[in-house]
Each structure stands twice: as structure tokens, then as C-alpha cells.
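Here's a quick walk through one protein chain, from the overall fold down to a few individual residues. Have the viewer open as you read.

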Amino acid sequence: LSSSSGLTHESHKKDVEQVYLRCSEGSIEWMYPTGALIVNLRPNTSPASYKHLTVCIKPFKDSAGANIYLEKTGELKLLVRDGDRSPSKVYCFGYDQGGLFIEATPQQDISRKITGFQYELMSKGVASDLHTVSAPCRPCSDTEVLLAVCTSDFVIRGSIQDVTNEAEEQESIIHVGVNKLYRQKSKVFQLTGESGNWRGQIKTLLECGVKPGDGDFLFTGRMHFGEARLGCAPRFKDFQRMYKEAKDKGLNPCEIGPD
């Protein structure tokens, strides 16, 4: 978390302050914004790998007081307009496309404004998984499922208990009952209640039309801004078939107990 305040240099309203961030994910909070803020993302990786990185930002729900631009060699491209209230909208760009330039907008009372957002740095391959433009609801092929099992942030066998649709955010929340937990990067799936059942929530696009149904699925996906996002999710019996066929041919990319 990086925090800054415009009140410390209010007498110099045209000041430009530089912030350097080394973490691959975190958040920026600029209280009482005046002047401008340049955000330099400098991850602890080799500069040669920078061209393979994607930057994503997700403004806080009540973020206000500044415009956020993508800046490269003095040219500004508006990314988030002050007052844009698109809930949960994520803005992504290639690391080599430029840095972030945050410019305060004129305010009568700056003390009431806080500009802020979460950010994540990830490889371009992961980012394209999360923001597939062409066919976000397309079923995965056998090869894609087997690869997802090896590379996903979470892999579970479970059933759909319920689905909550959020029309404003154009998302569906899948309430999952977990029968077997193979892997999870963050503690999204946890033991709940006296019964000792594992449960958790996975988000996906509303347009995919997910509905509650019988039977078990293999849920895979990635963590994105602290939320589990759905990747490949075949029926579990179909996954068992794929896994057995690949294993018999020696083509399964990694080992997992599918029973």
C-alpha cells in the first residue's frame, strides 16, 4: 500500500510527485489530491522481462479527485476519468505501453476527495486468460483443461450450490461446495459451519449464463484482485476421462489424483 497526501504541498498546486513501487501487486491511495502523481512500477525482475508484463488497475469504488492517464514520452492517454463509476471495472495495458500519470482535477473542497486503485502486474499470458475478448464463455478443450490443472491458482472438485447474478457489475457469483481441494493460492475456499464443509465463491461473466445444476465439476481459475475468477470448469467425469486418456499416452502435463 502506497499512500500520499496533497495537503503537504498545497501551496504548489502544479507539483508533480514521483512514487516508485517494487511490489507486483498492491494499492495506491492519494488523499486530497493536488498537482499530479507519477507512478513508476519497478518490479524486482529483470528489465528484459518487462515486455512480457501486463499491468491491471482496479479503481476503488469511491475513488475521486483525479484523472488517471497512461503516459509515454510525454503523451497522455486517458485511462480513467474522474467520476467514472463503472463498478469493478479493470483497466489493463502492456508494461511497455507507458506508466501511470495521475492528475488532480480542480476541486472546491479537496479534503473530501481520495483517489485510489488496486494494481497487479502479471505475465501477458495470464492476463489474456482473464480478459479473453474473443470467446470468454467458450468451453475449454481437453488440452486446455489439463494445462489449467497444472497452472491455475486454484483447482477443486465441487458442486454449484447457488448462483448470484449481479447485473450492475455484469458478473455472476458461483457459490461452490467443495468435495476435494487440490490447490489454492489464497484462502478463498474455507471450512464453514459445524458440519465442516468447505465452501467458496468464484466469479465469472454474467453473459456466460452459469446456473445451479446437479453433479460435480472440476473448477480451475486464477486469483485477480483478491477474487477467484473462473477458468476451465468441465464436468468432473469428463475431466477423469481426459486425464486417463492423457496418462495412458504419457501426455498429461502434470500429476494430480483425479479420483
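Among contacts in the protein chain (heavy atoms within 4.5 Å) between residues at least 6 apart in sequence, 67% link residues at least 24 apart. This is a predicted model, where local features need pLDDT of at least 70 and side-chain atom pairs count only at pLDDT 80 or more, while totals for chains, interfaces and linings use all residues. Numbering runs from 1 along each chain as its sequence is written, and side-chain values use heavy atoms, with hydrogens and water left out.

The chain has three helices and 16 strands; these are DSSP runs numbered from the N terminus, with helices being H or I of at least four residues and strands E of at least two. Of its 259 residues, 40% are buried. Buried means under 20% relative accessible area, exposed over 50%, and partly exposed in between, using a 1.4 Å probe and protein chains only.

Now for the inside. The largest nonpolar core has 25 residues, and Leu41, Ile57, Leu100, Ile102 and Phe117 touch the most other members. A core here is a set of buried Ala, Val, Leu, Ile, Met, Phe, Trp, Tyr and Cys residues joined through side-chain atoms within 4.5 Å. Setting aside neighbours within four places in sequence, Ile102 has contacts that include Trp30, Leu37, Ile68 and Phe117.

Helix H2 (residues 142–151) has Val145, Leu146, Ala148 and Val149 buried. Seen down the axis of H2, these buried residues fall within an arc of 155° (taken from the directions from the helix axis to the C-beta atoms), so they line one face of the helix.

| Element | Residues |
|---|---|
| strand S11 | 154–166 |
| strand S12 | 171–184 |
| strand S15 | 217–224 |
| helix H3 | 236–248 |

Where does Glu255 lie? Glu255 is in the segment after H3 and, at 60% relative accessibility, counts as exposed. Leaving out neighbours within four places in sequence, Glu255 is in contact with Tyr243 and Lys247. The C-alpha atoms of Glu255 and Val149 are separated by 9.1 Å, although the two are 106 residues apart along the chain.

And the outside? The chain exposes about 14400 Å², with carbon and sulfur atoms supplying 49% of it; the areas come from the Shrake-Rupley method with a 1.4 Å probe. Trp198, in strand S14 (residues 197–205), counts as partly exposed at 32% relative accessibility.
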